[in-house]
Amino acid sequence: MDGSFQKIDPGLRPEENAVPAVAPVLVIEASLTRQHVLRRVLAGRFPQTILCRTPAVAAEMLRQTNTAERSAAILLGLEEVPPPYIDELLALLCRPEFSDLAVVLLTHNAAPALVNWAARRARSAVLLWEDFTDSADCLERLLAPVPAEAETSVPENESIRVLLVDDSRTVRASYARLLAEQGYVVEVAVHAEEAFAMAQTRTFDIAIIDYFMPGENGDVLCRRLRADPRTANMTTAILTGTYLDQVIQDSLKAGAVECMFKNEAQELFVARLAAMSRAVRIRKSVEAERSRLAGILASVGDGVYGVNAAGQITFANPAVRHILGYPADALLIGQVAHRLFHYAHEDGSANPDDTCLLQNAYAHGEELRSWKTVFWHHQGTAVPVECTVFP
């Protein structure tokens with residue numbers, strides 16, 4: 001379950017001394033009064049604004065303006081704009097040539113379609129009109145450089161790095177040649193100690209380890225690699241010349257995902273390695289997508305957190321800590337949201353978990369929209385919020 005909430009009363013402000021942006025902000029808003037208000041809110045950090053009253057005119061401006069002269073960001077007011085007229089602009093902003101634009105959608109109702117659009121498009125956020133004073137802060141977060149680890153695609157042709165561990169020079173030479181012919185980047189080690197030392201200082205995706213070696217056997221090395229946080233994500237496979245059940249059981253119990261045999265056909269070895277490589281690429285893509293979503297959540301002005309059916313927090317973005325006063329090192333993950341945030345009503349009377357509307361929504365996977373209630377600040381004060389829960 002995902003929960004999001006907005007603080008109803010303007011309160012704590014983020015950093016006051018941010019560096020002003022150079023490029024202008026395109027403000028799209030039908031109301032001249034709201035245009036004036038938004039320009040004043042932006043003036044401190046975004047002194048250059050271009051005002052526009054309709055999405056259609058804004059779309060035409062974007063099409064006709066070259067990249068060098070284009071705005072850095074767009075603040076888009078969605079009130080009084082019928083859906084057909086906004087859809088064209090939103091579709092245009094999803095095109096690759098506009099991917100660097102930061103876009104904040106200002107709305108009185110964070111409809112799921114808008115939230116989904118902002119989640120799919122990088123550098124985008126939805127902000128409620130009642131929090132319009134956060135516009136400059138939100139734009140600054142969206143315009144911040146994207147960390148390299150937030151890349152979400154792992155190219156299919158990206159080389160997989162393999163550590164081959166075997167005490168036989170002949171085996172090392174033949175398998176290293178075979179792996180190189182298949183496009184893998186290969187490094188070799190003679191025994192477990194050398195392999196473990198190499199894995200601490202270099203990055204490998206897959207380790208192919210001989211079972212019987214001087215010193216430590218291959219299953220022991222597998223366990224050491226899995227136990228060390230620096231190498232825990234490495235995929236390991238055992239290479240052996242024996243079919244003994246005990247060898248296979250020891251290998252799999254140690255965490256090896258494959259037990260490959262030295263006398264099997266090369267085609268089968270290559271196929272098994274290709275399957276492991278696909279799994280590695282999928283894992284990297286998942287991790288990259290998780291980093292991208294974490295970046296999106298970090299840029300959203302609303303507090304967003306996830307819970308399991310028991311109501312335990314599985315993630316929380318920085319705005320949760322900001323609005324509710326939790327320091328950066330406070331442990332939220334694994335805590336029960338009801339006990340931290342909404343254990344009491346506004347008058348301080350208990351809000352039992354068996355009758356709490358939010359706790360029941362978590363437990364039954366129910367959707368809850370725009371529920372006005374109070375969350376409790378870390379310092380013990382009530383914070384009026386409007387919250388939404390999505391399964």
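This is a predicted model: local features need pLDDT of at least 70, side-chain atom pairs count only at pLDDT 80 or more; totals for chains, interfaces and linings use all residues.

Colleague: How many bridges join β12 to strand β13, and do they run parallel or antiparallel?

Modeller: Strands of a sheet pair through backbone hydrogen bonds, in either a parallel or an antiparallel sense. Here β12 and β13, the latter covering residues 313-316, run antiparallel, and together they form a hairpin with five residues between them, where Gly311 in the turn has a positive phi of about 85 degrees. The number of bridges joining β12 to β13 is three.

Colleague: Which element supplies the largest share of the largest nonpolar core?

Modeller: That core has 24 residues, and those with the most contacts inside it are Phe5, Tyr305, Leu324, Phe341, Leu358 and Phe375. Elements that each supply at least two of its residues include β12 (303-307), α11 (318-324) and β14 (368-376). The largest share, four residues, comes from β15.

Colleague: Which residues is Phe341 in contact with, leaving aside its neighbours within four places in sequence?

Modeller: Phe341 is one of the residues with the most contacts inside that core, and Tyr305, Leu324 and Phe375 are likewise in that group. With those close neighbours in sequence left aside, the contacts of Phe341 are Tyr305, Ile313, Val320, Leu324, Tyr326, Val374, Phe375 and Trp376.

Colleague: In what order do the five strands of the open sheet lie?

Modeller: The edge strands, each of which pairs on one side only, are β3 (49-52) and β6 (124-128). Within the sheet, β4 (residues 73-77) and β5 (residues 102-107) pair in the parallel sense over five bridges, and the bridge partner of Ala73 in β5 is Ala102. The pairing in this open sheet is parallel, and the order is β3-β2-β4-β5-β6.

Colleague: What angle does the direction of helix α5 make with that of β5?

Modeller: Helix α5, residues 135-143, packs on the sheet and touches β2 (25-28), β4, β5 and β6. The angle between the directions of α5 and β5 is about 150 degrees.

Colleague: What percentage of the residues in the protein chain is buried?

Modeller: The protein chain has 13 helices and 15 strands, and its accessible surface comes to about 19400 Å², of which 55% belongs to carbon and sulfur atoms. With buried taken as under 20% relative accessible area, the share of the 391 residues that is buried is 46%.

How values were computed
Residues are numbered from 1 along each chain as its sequence is written. Side-chain values use heavy atoms; hydrogens and water are left out. A nonpolar core is a set of buried Ala, Val, Leu, Ile, Met, Phe, Trp, Tyr and Cys residues joined through side-chain atoms within 4.5 Å. Buried means under 20% relative accessible area, exposed over 50%, partly exposed in between (1.4 Å probe, protein chains only). Contact means heavy atoms within 4.5 Å. Accessible areas come from the Shrake-Rupley method with a 1.4 Å probe; for residues, only the protein chains shown count as cover. Two strands pair if DSSP finds at least two bridges between them. Axes are lines fitted to C-alpha atoms, for helices over the stretch in contact, and angles run from 0 to 180 degrees between N-to-C directions.
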